[in-house]
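I opened this notebook to keep track of what I looked up in the structure. The entries follow the order in which I went through them.

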Amino acid sequence: MKAEIAEKLVRTGKGTPMGELMRRYWVPILMSSELPEPDCAPLRVQILSENLLAFRDSTGRPGLVDEFCSHRGASLFFGRNEENGIRCSYHGLKFNVLGECVDVPSAPQACKQMGIKGYPCVERGGLIWAYMGPKELQPVPPALEWCELDPSHVFFSKRIQECNYLQAMEGGIDTAHVSYVHRYEIDEDPAYRGSKSNDYMKADGNVVFEIDDTEFGLSIYGRRNGEIDSYYWRVTQWLFPWFTLIPPSGDHPLTGHIWVPIDDCHCWTWSISFRPDKPLTEIERAEMRRGAGIHFDLIPGTFKTKTNRDNDYLIDRQSQKDLTTYSGIRGFAMQDASLQESMGPIQNRENEKLLPTDRAIAMVRRALLDAADAVQRGEPAPALSAECQRVRAAAVLLPRESKPQPWAEEHLVDAMDAPVYAL
């Protein structure tokens, strides 16, 4: 990849092509529980390289504004959250959840000119989302399946990942790696055990891909040998600009990720498990809190994982020799993160040599570049409608002579009204 193309893909600050594309979508910024009540303590938030402040006003409305006061630049993190606004502790200027200045004690007539940046927020599915793009282009609120479920059906976790969003997200798209890095734990992990899919993924690491451009992003069909007369197909979905949906396994919850840039060298990795038809059990929630499947164990009071780059991800070389882990690192999430972070904060894509199994990654890069170019030309960003988000991943056995696309068109279009397809 040429250096200028790689730069375009990985830079997401304000004014960059990719940053302007991402600002056309609702951005998940916090769990609602992180702002637990009206007038609670504000939180610093860095998203897309912007330093911001999140707070909940006296009526319970969430807001996301510039961290710094317009008067002398003091941080509003040290301000007072009271009476429907955040008040700067330096000279008393007060701002509402939209960033409008509502009080200048020393010069009331100056209110209108003292406003700060503020982004509209909505709460959907237990998350607070912000829209950071042009006001006149604000899309409908997020409508992914788990956004519309009762909280008892959904479990969220998030962690800081110490690398650029793109190499993290590409790991979520890459279904070929499951046959390798996860192969020795997949039968024992509570989120995957008992699944017939495990047998197919371990037995056949030579995945053959078929990939379709869709209205929402890409449908990625990964084919492995199934039974003597069938192929095992994993249908992974990538939705603009940062959502991935993982093919389900057995009678386990559906799962997915969101990969959101903090800055160009760090991202938030959100992990979601959900059941469309019934609440998650207490046993399932307890296993997720312990780090089962796509989830992880955090250092208390932080969003940094206990297994991390500073301690070499607690790599255990003996477990590699014993064939209890493939990479020597335990836990699916950290197995992935360790390899993605090992590339450096921003992977040098000029040196990579892609293989046929990387076709989906190449197509996602091209889709992002094309969308960013379209936005630069004044055209709308893709996949902004609620209908574009009504999609599911799937796992299915199909006769060897059958193609997966007709099956997907029949069973995964408007997927919220269909059963879960898992093996």
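**Entry 1**

I began with polar contacts and counted six residue pairs in polar contact between domain 1 and domain 2, with both residues of a pair at pLDDT 80 or more. That confidence value applies here because the model is a predicted one.

I then asked which elements give two or more residues to the side of domain 1 that touches domain 2. They are strand E1 (26-31), strand E2 (43-47) and strand E11 (127-131). E1 has the largest share of that side, with six residues. Sorting the residues of this side by type, I got 10 nonpolar, three polar and two charged.

Next I looked up the bounds. The domain assignment of the protein chain puts domain 1 at 26-137 and domain 2 at 145-412. I noted 33 Å between the centres of the two domains, taken over C-alpha atoms. In contact with each other are 15 residues of domain 1 and 17 residues of domain 2. The area buried between domain 1 and domain 2 is about 1400 Å², and carbon and sulfur atoms account for 66% of it.

**Entry 2: salt bridges**

Side chains of opposite charge can pair when their charged atoms come close. How many salt bridges are there between domain 1 and domain 2? I found two. I also looked up arginine 124, which forms a salt bridge with glutamate 148; their closest N and O atoms are 3.5 Å apart.

Over the whole structure, the search gave me 30 salt bridges. One of them I followed up: lysine 94 and glutamate 83 meet through their side chains, at 3.9 Å from N to O. Lysine 94 is in strand E7 (residues 94-95), while glutamate 83 is in the loop between strand E5 (80-82) and strand E6 (85-87), so this pair ties together parts that lie 11 residues apart in sequence.

**Entry 3: the sheet with E7**

E5-E6-E7-E8 is the order of an open sheet of four strands, paired antiparallel. Which strands are at its edges? They are E5 and strand E8 (101-103), each of which pairs on one side only. Inside this sheet I checked E6 and E7, which pair in the antiparallel sense over two bridges. Lysine 94 came up again there, as the bridge partner in E7 of arginine 87.

**Entry 4: the sheet with E2**

I noted a further open sheet of four strands, in the order E2-E3-E4-E9, also with antiparallel pairing. Its edge strands are E2 and strand E9 (118-119), and each pairs on one side only. E2 is also among the elements I had listed on the side of domain 1 that touches domain 2. Strand E4 (residues 62-66) and E9 run antiparallel and are joined by two bridges. For valine 65, the bridge partner in E9 is glycine 118.

**Entry 5: backbone exceptions**

Most residues other than glycine have a negative phi, and most peptide bonds are trans. I looked for departures from this and wrote down two.

Aspartate 39 is not a glycine, yet has a positive phi of about 60°. I located aspartate 39 in the loop between E1 and E2. Both of those strands are listed above for the side of domain 1 that touches domain 2.

The other entry is a cis peptide bond, which joins phenylalanine 240 and proline 241, with omega about -15°. Where does proline 241 lie? I placed proline 241 in the loop between strand E15 (230-239) and strand E16 (243-246).

Definitions and conventions. Residues numbered from 1 in each chain as written. Predicted model: local features only at pLDDT ≥ 70, side-chain atom pairs only at ≥ 80, totals over all residues. Heavy atoms only, no water. Domains from an automatic or database assignment. Contact = heavy atoms within 4.5 Å. Buried area = accessible area lost by both parts, 1.4 Å probe. Salt bridge = Lys/Arg side-chain N within 4 Å of Asp/Glu carboxyl O. Polar contact = N/O pair within 3.5 Å; in protein donor to acceptor, adjacent residues only side chain to side chain. Nonpolar A, V, L, I, M, F, W, Y, C, P; charged D, E, K, R; others polar. Pairing = 2+ DSSP bridges.
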